[in-house]
Amino acid sequence: MLGRLFKHEFKSYGLAMGIIFLAGGLMTIFMKILSMLPYGDNAKDGIQMLMVVGFILVVILMSVAVNVMIVVRFYSTTVCDQAYLTWTLPAKTSTVLMSKLFGGLLWRLILIAAVAILGVIFFSGSYWLWHEEFSGMFFYDELTPGMIINELLKQFSGSVTSKDIASFVIYYVGVLIWSVAGILLIYMCIGIGQLFGKFRVVASIGFYFLTIIVIQVISTIGVSLLPMVYNDSNGMNSSFGGRYDFLPGVINLVAAIVVSVAVFAITNNLFDKHLNLD
């Protein structure tokens with residue numbers, strides 16, 4: 001049942017997400033073409049910088065649009081008119097929530113991949129004014145993505161340990177699970193908000209910001225206490241510059257798992273035991 005619900009949930013975003021990615025792709029190509037035109041050096045520098053800012057804004061707008069769609073889809077199918085159809089399905093509440101969670105998470109991952117592809121398309125080419133300068137710093141030749149990857153592999157070969165790799169993996173698994181927690185947090189606040197009837201939207205937004213403040217306070221306290229229990233004098237000398245230290249990464253991963261499980265349990269209880277569609 002979870003597989004069928006997930007498939008339906010994923011497809012339900014298709015048209016809206018397609019429009020978002022198509023618009024982002026067209027804007028990226030348009031700005032790339034503007035960046036390639038043969039301007040004078042002074043004009044070219046200003047226009048290319050403007051196009052870079054424009055590309056960053058496009059990425060931000062795409063991210064906001066995708067996340068808004070995830071929230072709107074969940075809200076409309078769990079506490080609005082479509083909610084009766086959702087909650088009369090022959091599936092457990094947890095199964096319904098997981099299908100919506102996986103659907104939203106997969107579209108977030110697709111967003112990351114799309115942004116990466118658009119970034120390669122936008123920034124590739126020798127027409128950028130800083131291309132020759134950057135290329136000469138390392139290669140003294142035409143700069144290509146393959147040459148960049150080759151140079152990075154040379155820099156890291158022989159200096160990356162198994163602990164570095166493990167820390168790197170743990171860090172990004174933690175990032176992924178925090179992304180899951182972020183989606184679940186929105187779902188939980190919608191679940192709390194639906195208890196307030198006509199004021200469900202205001203209540204959901206209010207509880208969301210309140211929860212974010214609480215998490216930020218707890219995170220700040222945790223970060224301030226971390227140096228007292230952990231001191232890696234060699235951290236900044238590691239292959240990755242200390243960003244992916246092992247113990248902080250493990251703590252971050254455990255915290256992400258605990259928060260995700262707790263928020264999912266609360267959300268499941270709210271929709272299973274305290275559903276209010278009035």
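## Salt bridges

Lysine 273 pairs up with aspartate 272 in a salt bridge, with the closest N and O atoms 3.8 Å apart (the rule: a side-chain nitrogen of Lys or Arg within 4 Å of a carboxyl oxygen of Asp or Glu). Lysine 273 counts as exposed because its relative accessibility is 60%, while aspartate 272, at 40%, is partly exposed. Here buried means under 20% relative accessible area, exposed over 50%, and partly exposed in between (1.4 Å probe, protein chains only).

This is a predicted model, where local features need pLDDT of at least 70, side-chain atom pairs count only at pLDDT 80 or more, and totals for chains, interfaces and linings use all residues. Residues are numbered from 1 along each chain as its sequence is written, and side-chain values use heavy atoms, leaving out hydrogens and water.

The salt-bridge count comes to three. Glutamate 9 meets arginine 73 at 3.2 Å, N to O. Glutamate 9 sits in helix 1 (residues 2-12) and arginine 73 in helix 3, so this pair ties together parts 64 residues apart in sequence. Helices are DSSP runs (H or I, at least four residues), numbered from the N terminus.

Glutamate 9 also forms a salt bridge with lysine 100 (3.1 Å, N to O). Lysine 100 belongs to helix 5 (residues 93-123), so its pairing with glutamate 9 in helix 1 links parts 91 residues apart in sequence. Glutamate 9 and arginine 73 are both buried, and so is lysine 100.

Terms used:
Helices (H or I, at least four residues) and strands (E, at least two) are DSSP runs, numbered from the N terminus.
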